[in-house]
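Visitor: I am new to reading protein models, and I would like a guided tour. Could we look at one together, step by step?

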Amino acid sequence: MTTMVRCITEITITASPESNRAFKFTFNFCNNFEATDSWVDLTNQAKIVFPKNIYVNDQGYLTPLGGTNTQKLVDNLFRRGDSITINFGYYTYDNGIEKKEMPLQPIFSGYISKVNSKIPIEIECEDNMWLLKQIPCQPQTWPKDKTVEDLLRKLLIGTDFVVNALTNTTIGDFVIQDESVAQLLARLQKDFRLESYFKGNELRIGFSIYDLTKANLHTFVFQQNIIADSLEFQRKDDIKLSAIVVSNNEKIVGTNKKGQPKTKLEKVEILVYANQSGEFVFQQKPEGGDFPENVEGERRTMNFVNITDVNALFEAGKLELQKYYYTGFKGSFTTFAIPYVQVGDIVQLKDRIMPDRDGNYVVKSVKYSGGVNGHRQEIELHYKV
């Protein structure tokens, strides 16, 4: 039995209080939209494209946005800093009566960052990280015995944001510059590979970016609700994998002309790989030289902080590298809007023809899209659990 459905999109925009505009409106259509849910890029983004022929109903008067007053109308309706949410789902039919499947899924929540008033009109958006770009840091030195998580809690006092309690990460004496909170997070990502992203109003930061104890489990079947895929099935015995494992250690080495602490980033690097017997071993980086060239397989880079002992660094790198030695899939696949999937969820892949390929995987990212061509989710796998 086939169930008939119809796509629904609900986009709600609330005027920023600072703009002296007091309104909130919802529209249930657009030409197309895209949104991301990932920890890789620091900021999740969305883009909405309106149809060319679109009208504004202002107290009963219909005015085309593509008319002579386009710029004025667009400036009043959509401004940088307005909050925006995108929800999607489906209408279903019950005895011939159309009904909305509730609740609609909240695929994006954030703020308008850019408005293109040309026809067709496009709106670009960013998640809560947009607000963190407006919050300045007070220059200071965060001591090595205090955690990065506590630093962010201090910087976000007075906001509605909370910081995850999954990790307690120390990085040494850390100098905070004249920068925004978002710039600070970008520097932590660049120098220490401390990833951070928003899960609703919760800022997650640290090496443990998933909370698998709260992960939702979703099932996808190859011959049923997987539309397309770029998945590759690998056998554990065939995997050739190595990793350059790095510990980033920041030290204060003096002061600058302004009397502020001056730091130096020191690195400890080793190469971790499996030998012919399948045992993990490591090799230190030669002084003044480099590691052997990767001639086969895949080589990753794994980052840690404050590990100065090479044996301890090897153990940390080995535990991380073991996640990627498995028999199963890697890559991504595309499905419909149901079931709704988010980063950090677990997807169960099932193959009715070859059930030995069944397995569960952590979701690394999701790209949502929708509009006149229907709703889609492109789901990227991270590793098997």
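Guide: Gladly! One definition to begin with: two strands pair if DSSP finds at least two bridges between them. Please keep in mind that this is a predicted model.

Visitor: Which residue in β15 does Val163 stand opposite?
Guide: β12 and β15 pair over two bridges, in the parallel sense. Within this part of the model, the residue of β15 that stands opposite Val163 is Leu203.

Visitor: In what order do the strands of that open sheet of three come?
Guide: The sheet is open and its pairing is mixed. β12 and β14 stand at the edges with a single partner strand each, so one side of each has no neighbour in the sheet. The order is therefore β12-β15-β14.

Visitor: At about what angle does α3 run to β15?
Guide: Let us start with the helix itself, residues 148-155, where Val148, Glu149, Leu151, Leu152 and Leu155 are buried. Those buried residues fall within an arc of 160° seen down the axis, so they line one face of the helix. They pack against β11, β12, β13, α4 and β15. The helix lies across β12 and β15, and its angle to β15 is about 150°.

Visitor: Is Ser196 buried or exposed?
Guide: Ser196 lies in strand β14, residues 195-199. Setting aside residues up to four places away in sequence, Ser196 touches Trp39, Leu42, Leu185, Leu203, Arg204 and Ile205. The cut-off for buried is under 20% relative accessible area. Ser196 has 0%, so it counts as buried.

Visitor: Leu42 was among those contacts. What is phi of Leu42 near?
Guide: Leu42 sits in the loop between β3 and β4, and at 9% relative accessibility it counts as buried. Most residues other than glycine have a negative phi. Leu42 is not a glycine, yet its phi is positive, near 70°.

Visitor: Asn306 also has a positive phi. Is Asn306 buried, exposed or partly exposed?
Guide: Asn306 has a phi of about 60° and lies in the loop between β22 and α5. Buried means under 20% relative accessible area and exposed means over 50%. With 35%, Asn306 falls in between, so it is partly exposed.

Visitor: Which residues of helix α1 are buried?
Guide: Helix α1 covers residues 70-77. What covers its buried residues includes β1, β2, β5, β6 and β9. The buried residues in question are Thr70, Leu73, Val74 and Leu77. They fall within an arc of 95° seen down the axis, so the face they line holds Thr70, Leu73, Val74 and Leu77.

Visitor: How far apart in space are Ile48 and Glu266, C-alpha to C-alpha?
Guide: Ile48 lies in strand β4 and counts as buried because its relative accessibility is 0%. Beyond its neighbours within four places in sequence, Ile48 is in contact with residues including Ile11, Phe33, Ile86 and Ile123. Ile48 and Glu266 are 218 residues apart in sequence, and their distance in space is 44 Å.

Visitor: Which residues touch the most other members of the largest nonpolar core?
Guide: That core has 69 residues. One of the residues you ask about, Ile107, is in contact with Phe33, Ala35, Ile86, Phe88, Tyr340 and Tyr368, leaving aside neighbours within four places in sequence. Apart from this core lies another of 27 residues, among them Cys137 and Leu152. In the largest core, the residues that touch the most other members are Ile107, Phe333, Val347 and Leu349.

Visitor: Which residue does a cis peptide bond join to Pro339?
Guide: Most peptide bonds are trans. The bond from Ile119 to Pro120 is cis, with omega near 0°, and Pro120 is in the loop between β9 and β10. Pro339 lies in the loop between β24 and β25. Its cis bond has omega of about -5° and joins Pro339 to Ile338.

Visitor: Stepping back, what share of the protein's residues is buried?
Guide: The protein has five helices and 27 strands, and its C-alpha atoms fill a box of roughly 75 × 65 × 35 Å. Among contacts between residues at least 6 apart in sequence, 65% join residues at least 24 apart. Of the 385 residues, the buried share is 45%.

Conventions:
Residues are numbered from 1 along each chain as its sequence is written. This is a predicted model: local features need pLDDT of at least 70, side-chain atom pairs count only at pLDDT 80 or more; totals for chains, interfaces and linings use all residues. Side-chain values use heavy atoms; hydrogens and water are left out. A nonpolar core is a set of buried Ala, Val, Leu, Ile, Met, Phe, Trp, Tyr and Cys residues joined through side-chain atoms within 4.5 Å. Buried means under 20% relative accessible area, exposed over 50%, partly exposed in between (1.4 Å probe, protein chains only). Contact means heavy atoms within 4.5 Å. Helices (H or I, at least four residues) and strands (E, at least two) are DSSP runs, numbered from the N terminus. The arc is that of the directions from the helix axis to the C-beta atoms. Axes are lines fitted to C-alpha atoms, for helices over the stretch in contact, and angles run from 0 to 180 degrees between N-to-C directions.
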